Amino acid sequence: MTTSPPDDPSVVIDPPLEPGEVAFLASFTTAAGVRRVWPGQPGRRCPWRPTPDGRRLLLEAAVVEDDADVVASWLRFLSREFLAPSSAASLDTALNEGLRGGHRLQGAVLVGDHVIRAELNRVTQEQVPPPERDAQVLELKDRRAEGQSTER
């Protein structure tokens, strides 16, 4: 699985959301009007916004502020409670709200120095190791610099 490019930080929803499901999930992120509050939600404002066609969840960079824990927690919450309810109570609540469940999330996004992956609704988070320095290239640069300073 590849990580979404920075200009399209999103995960795929399959099957796509219906219009009512899009509106329901969008109500957790909307800045206009009153945001929906749900028991157990990970924070005040959801960093994930469904696309109008219901095929993706987009990560809103302005909401994230490089907090990978919040991003991963919200994605788990949306999956577990609404997109693919994981308990009988969650399923009953979702159905009462007109949500059909049965959606699968797939994709990965980079948040700060963490990759958040969704594979068949399993959300994981891992830190990306810093790039290793190429010792040979640095050594060559150092030798060139030494050679220039001794030749003068």
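**Salt bridges**

Reply: The structure, a predicted model, holds eight salt bridges. One of them joins the side chains of Glu-60 and Arg-49, with an N to O distance of 3.2 Å. Arg-49 belongs to strand 2 (residues 48-50), while Glu-60 sits in the loop between strand 3 (56-59) and helix 2 (61-64), so this pair ties together parts that are eleven residues apart in sequence. The relative accessibility of Glu-60 is 16%, so Glu-60 counts as buried, because buried means under 20%.

Another salt bridge links Arg-55 to Asp-53, at 4.0 Å from N to O. The cut-off for a salt bridge is within 4 Å. Here Arg-55 is partly exposed, with a relative accessible area of 48%, and Asp-53 is partly exposed as well, with 45%. Exposed would require over 50%.

Arg-80 and Glu-81 also meet through their side chains in a salt bridge, 3.6 Å from N to O. In this pair Arg-80 counts as partly exposed, at 37% relative accessibility, whereas Glu-81 is buried, with a relative accessible area of 17%.

Key
Residues numbered from 1 in each chain as written. Predicted model: local features only at pLDDT ≥ 70, side-chain atom pairs only at ≥ 80, totals over all residues. Heavy atoms only, no water. Helix = DSSP H or I, 4+ residues; strand = E, 2+ residues; numbered from the N terminus. Buried < 20%, exposed > 50% of the residue type's maximum accessible area, 1.4 Å probe, protein only.
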